[in-house]
Amino acid sequence: MAEQRYRWSSEQLREQLAIIDGKRSPEKVLTNATYLHTYLHQWKKGNIWIDQDRIVYVGERLPSKLEQCEVIDCSGYYLVPGYIEPHAHPFQLYNPQTFAEYAAKWGTTTIINDNLMLVLQLSKKKAFSFLRAAESFPVTMYWWCRFDGQTELENEEEKFSYAAIKEWLRQKTVVQGGELTGWPRLLAGDDAMLYWIQEAKQMKKQIEGHFPGASEKTLTKMMLIGADCDHEAMTGKEVYERLLHGYTVSLRYSSIRPDLPVLLEEMKALGIGQYDRLIFTTDGSTPSFYEHGIIDQMIRLAIEKGVPIIDAYQMATVNVARHYQMEHLHGSITTGRIAHINFLQAPDDPTPVSVLAKGQWVKRDGYSKAVSSLDWGAFGMAPLRLTWQLSLDDLQFSMPLGMYMENSVIMRPYSISIDTSHDELSTAHDESFFMLVDRNGKWRVNTVVKGFATHVKGLASSYSNTGDLLIIGKSKRDMLLAFQRMNEIGGGIVLVEDGEVIHEIPLPLGGVMSTKPVEELMMEEKRLKTMLAERGYRFADPVYSLLFFQSTHLPYIRITPKGIYDVMNKTILFPSIMR
Ligand SMILES: Nc1ncnc2[nH]cnc12
């Protein structure tokens, strides 16, 4: 795809000027609009002219030429700028395109996305051509550039080399470095990460933190190093500390951390009534969490918790645009901005009935339109086709050290005391066989997980941080069958019981993402959750458990491609075994 050097070409700019001079008509005029004026902090009345993807005029005038112009009477509606999700992980079973399409229906028309799956699953060339293809979505897609893979990778030096990171940072839709899941390494002296932060800042890109539970000392050091924002505050006090040290703070409401209501209450108790440095994020929630909206549901919660209405909208729009230095394009309904506009029925009802994204209707009078499609094959995202087989010999679990699940995502080491030499474990306890296998079939790591479930017989998942294969269960026979079925369907999550496949979520995009609409995935995910809960899974989010089993940004012990890893001591306790 040919790359356009500037956001609008010289020819397009001349055409826009011709509209103002009355020589051409705009494509759309929104008349009698009551719209939120971001900078005056008030609702104004006026007319909004749109040509292609741009707002070319906002004010009292009407265009002198109206032929070929769609005129929309906005009486009775309240217009606000399209919402911005500043921190999406667009691969929680959905993919970046299906997530964007779903988000647009709820008025979230600009998304700043994690590049983790693109880095780990695609070659650089294919990933960059994907970024360019995503520019044609009606939703504006920006990206961030990870500095580490949040696990112990075999090919870390290749994926996160100096040259690769610099190239990622240079991509024009990449707007920030981070999130800094590897910050302990940085403070311990990793100069590569320090250099990348400096490079990103030199390019006027932001640095996103990842500082759960960080002390004031750590927050101070990270601000000195260059972090600009953090989305990990879990209490009002943590919000306060971050604001105190000059951070932009993302208030989070996600499937694993639905913190927003508590944060707002605790902030109120601490006397925080200034919202300019606060933004919202849903932090890559799993599909069913989005049943009632995306950023719109956060605005609603904020209004319910007493945040002044205009401030609540600003937190979802201009505050984000300001943080990323893109106010000339996003965050307000003013001249020159990209035409992302939400039509509301009332100021305190942030879920739009109609949505314009880049000047196109993506939702009209409650009905959504599918607008973007993508040939994933062109980017090398193909179904998984394993050319090797797993055998009973691979299912040996003589390891002394297991992983105990404290909640959906936190795991502690523990000593295995059960007899693992049989083909089946008792359902009277919550310990299960657990393995991570290289998707290329070269290595495996076998252990026991305690706390996952009591009655899950065989579960196989190609959905994981690295796309390597997780196999869990009480029965080796069912685990093997789940693995075979997962391979047959081209990757995904498969649940087997007593020789029968009882649920599956196909993930044909590299074994990690689906092509189905988010609405359909919600049903599949809910069914998985129910079936796992019926079999003894006790936590909130099994999809996140699968994603994070390998993720070393979380305590205390992880199963990684290099082996069982002790996060605090940064050491491999038991290396992976070659097959
Ligand atoms: N660090 C992370 N990586 C992937 N998905 C996430 N969702 C929330 N945090 C995440």
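**A walk through the predicted chain**

With 579 residues, a compact globule would have a radius of gyration near 25 Å, and the protein chain agrees, because its own value is 25 Å. The model is predicted. Along its principal axes, the C-alpha trace spans about 85 × 50 × 45 Å. The chain holds 17 helices and 29 strands. Buried residues make up 51% of the 579 residues.

In an unreviewed entry, UniProt lists residues 78-362 as "domain: Amidohydrolase-related". Over residues 78-362 the chain is 39% helix and 18% strand. The end C-alpha atoms of that stretch are 17 Å apart. The other feature, also from an unreviewed entry, is "domain: Adenine deaminase C-terminal", placed by UniProt at residues 420-570. Here the chain is 25% helix and 30% strand. The end C-alpha atoms of residues 420-570 are 28 Å apart.

Turn next to the interior. In soluble globular proteins, nonpolar side chains tend to be buried together. In this model the largest nonpolar core has 168 residues. Leu 79, Ile 471 and Ala 482 have the most contacts inside that core. Which helix gives the most to this core? Helix α15, residues 476-488, does, with six residues.

Setting aside neighbours within four places in sequence, Leu 79 is in contact with Leu 30, Ala 33, Thr 34, Tyr 35, Leu 36 and Cys 74, among others. Its contacts also include Ile 333, Ile 341, Asn 342 and Phe 343.

Gly 107 is found in the loop between α2 (96-105) and β7 (108-113). Gly 107 and Pro 350 are 243 residues apart in sequence. In space, their C-alpha atoms are 8.4 Å apart.

Gln 121 is buried, because 20 other C-beta atoms lie within 10 Å; the cut-off for buried is 20 or more. What does Gln 121 contact, leaving aside its neighbours within four places in sequence? The residues are Met 381, Gly 467, Gly 510 and Val 512. Ser 398 is 277 residues from Gln 121 along the chain, and their C-alpha atoms are separated by 32 Å.

Now the ligand. Which residues are around the ligand? They are His 89, Leu 116, Gln 150, Thr 181, Asp 283, Gly 284 and His 553. By class, this shell has one nonpolar, five polar and one charged residues.

Some backbone details deserve a look. A cis peptide bond joins Gly 178 and Glu 179, with omega about -5 degrees. Glu 179 lies in the loop between β9 (174-178) and α7 (183-187). Another cis peptide bond joins Pro 555 and Tyr 556, and there too omega is about -5 degrees. Tyr 556 lies in the loop between α17 (542-548) and β26 (557-560).

Positive phi values come next. Gln 68 is a residue other than glycine, yet its phi is positive, near 55 degrees. Gln 68 is found in the loop between β3 (54-59) and β4 (70-73). Gln 68 is exposed, because 9 other C-beta atoms lie within 10 Å, and the cut-off for exposed is 12 or fewer. Asp 365 also has a positive phi, near 50 degrees. Asp 365 is found in the loop between β16 (360-364) and β17 (367-368). With 8 other C-beta atoms within 10 Å, Asp 365 is exposed.

How values were computed
Residues numbered from 1 in each chain as written. Predicted model: local features only at pLDDT ≥ 70, side-chain atom pairs only at ≥ 80, totals over all residues. Near = placed C-beta within 6 Å. Nonpolar A, V, L, I, M, F, W, Y, C, P; charged D, E, K, R; others polar. Core = buried A, V, L, I, M, F, W, Y, C linked by C-beta atoms within 7 Å. Helix = DSSP H or I, 4+ residues; strand = E, 2+ residues; numbered from the N terminus. Contact = placed C-beta atoms within 7 Å. UniProt positions renumbered as here; feature names shortened; annotations may be inferred. Rg over C-alpha atoms; globule rule 2.2 N^0.38 Å.
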